[in-house]
Amino acid sequence: MNLLMTFIQKAIGQGVAILFGATGEIVTEKSGNLNLGIPGIMYMGGIAGLMGAFFYENGKENPNGFVGFLIAILCTLAASAFGGLIYSFLTITLRANQNVVGLSLTTFGVGFGNFFGGSISKLAGGVGQISVQTTAAAFRAKIPVLSEIPVLGDLLFSYGFLTYLSVVAAICMTWFLKRTRSGLNLRAVGESPATADAAGINVSRYKYIATVTGAAIAGLGGLYFVMEYLGGTWSNNGFGDRGWLAIALVILALWNPARAIWGSFLFGGLYILYIYLPGLSRATQELCKMLPYVVTIIVLIITSKRNKQENQPPASLGNAYFREER
Amino acid sequence: MSKEVKEPLVRMTKRDTIGTAKAWGIRLAAVLLSLVVAGLVIVAITKQNPIQVYLGIVDGAVGTNRRAWVTVRETLALLCIAIGLTPAFKMKFWNIGAEGQILMGGTATAALMIYAGDALPNWLLLVLIFIASAAAGLIWGLIPAVFKAYFNTNETLFTLMLNYVAMQIVTFCIVFWENPAGSNTVGIIGAAGQKGWFPSLFGNIYGLNVVIVLILTLGMYIYMKYSKQGYEIAVVGESQNTARYAGINVKRVIIRTMMISGGICGLAGSLIVSGASHTISTSTAGGRGFTAIIVAWMSKFNPFAMILVSAFLVFMQQGAIQVASQFGLNENASDIITGILLFFLIGCEFFINYKLELRKNRKEGK
């Protein structure tokens, strides 16, 4: 029972970063932009938040956790939105190929994260390992009273702010896409930009806003990882392939952020299952780590085979829109 | 209709054609601009004289005989992968699984080096390595192609996921191959007898790499340009409906092309493992599968342009690694530099395809 509790908690902990990434990518893809730069953007978001908090804590005698918290979030949003802006400018204004731009952005972003993560202490004058305990503590603060409840408290109320924000963001985005006029317009842009354009929707503006917002949301996943998961420090390539898993989750969730919530916890569970399965040798553990990817491949095959209308990606996904080229 | 029509400040029109010289001029301008920006970034971080930074890059890439050959070796590996990706991308099959195909080829190579290294003469071993690595990459390319052909499964994400499956297969094998025990790395394979290593050719240890990759480059150029299959690939890439109408068996073309693409990427794995690093790890591919996509795309699938683009990228990467280590910074600086270069190179294509026209101050109404 105790083991199961820890497993669920850890699975959720693994899932949150993926959920942020997937929510951001869904919003982006709904505008018809397949942003393969999300993994890089998540690195950029993570390191920017960490650097912001680091310079704040280093410069202040008695750093205030709450101020560090705000600075970290702002830096993350700014850096990841900047990543989204590079992507938008190249694909929307300069009409470059989306996959090529996305992959370059991932190369850039991962390098950006690892470079500053590895060199920040040297650039700041050799202070050794970076750690931002005060800010990280603020990110890790549990809900005061509710988390004391046995079992239920551990299961539901023992997480930091960003965990709840990830779920709220996913639900809000589902609501936005399905229930608002702007959401409808955005989906129209992703399905058929020419029709949307004829209906008087500013296609470029929708694409820009959706991509930049999506990138900002995804960046929070990186921040979650460095602050709440790692406790305010950086390890090179520590974030690993979670960004790609986020893109995979978009398919598992069939372009619905609310469905990505349980999907992300499932992915998180699969990601760490090898630790909890008894009787695995080192070699079989490695095979067990394949699970999230294999499950994604199976879902991919099944959805393509069933070919249901409502489960398909946005029709214009991956194509740039040229008004004069119809 | 006397109401003044608001004309935007800048408007773009599509160019019909552009002279080769002008197109390359624009590309050259983009390269220069990217060098300036990349230089500024390095200067901002290291606070050094920019001239010195550029000299450091040149020194790092080709400063000594050994460094120059490392640059050549890395260029060849990147070029080989880009050559492998060319037919797939020409067919508009987004094979972003080159990483996995390289790793599978590398794993097959390492397996042969470890298990058959002492039993066979070196030439036979090398022949087996080429066959096995190409076969391993071929299988890894075949799987998504079959699903794409029959169920129209999204190949971008399928091949991407296969990368990570391949990575786990490598870590699985490392458990059995690790040397020394407990290190979780394979170490240099066959260091004593150099079994399964590429032999020196023309007095150079990377001679065989050069020969193999140049043959592949030339072969791919001829295959894409003059063979019937190459033409079929181009037609399928432009429009599957047209291809079907013309009587081309689209399923067969997709599967066959991905077998070629995966096979060459697998061969690149043997080039890296047997011809360069002599070891295997999850970072054997090291992101080159992704960079090669950009190389192939930027070169418009022209194998000779690929030589230039990959040489330029590797030159800057090796230089940046050297500059970074000189200033005690982390080697990931080279990824940032690569990223900046790519953004400019990708962005400049717009100016080749489109022409910007400034608003003219016209008094008379339309």
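The model is a predicted one, so a quick look at confidence comes first. Chain A comes out with a mean pLDDT of 85, and 95% of its residues get to 70 or more.

Now for the interface. On the chain A side, 41 residues are in contact with 40 residues of chain B. Five helices of chain A each put at least two residues into this side: helix 3 (65-93), helix 4 (98-123), helix 11 (242-252), helix 13 (282-288) and helix 14 (291-306). Helix 4 of chain A gives the most, with 15 residues. As for make-up, the chain A side that touches chain B splits into 23 nonpolar residues, 10 polar and eight charged.

Nonpolar side chains in soluble globular proteins tend to be buried together. Here, the largest nonpolar core holds 205 residues, and the members that touch the most others are Leu249(A), Cys80(B) and Ile81(B). Helix 10 of chain A is the top contributor to this core, with 15 residues. Over in chain B, domain 1 (1-48 + 327-366) and domain 2 (71-311) both supply residues to the core, so it lies between them.

Leaving aside residues up to four places away in sequence, Cys80(B) touches Val213(B), Leu216(B), Ile264(B), Leu267(B), Ala268(B) and Leu271(B).

How values were computed. Residues numbered from 1 in each chain as written. Chains lettered and ligands numbered in written order. Predicted model: local features only at pLDDT ≥ 70, side-chain atom pairs only at ≥ 80, totals over all residues. Contact = placed C-beta atoms within 7 Å. Helix = DSSP H or I, 4+ residues; strand = E, 2+ residues; numbered from the N terminus. Nonpolar A, V, L, I, M, F, W, Y, C, P; charged D, E, K, R; others polar. pLDDT = per-residue confidence, 0-100. Core = buried A, V, L, I, M, F, W, Y, C linked by C-beta atoms within 7 Å. Buried ≥ 20, exposed ≤ 12 C-beta atoms within 10 Å, placed from the backbone. Domains from an automatic or database assignment.
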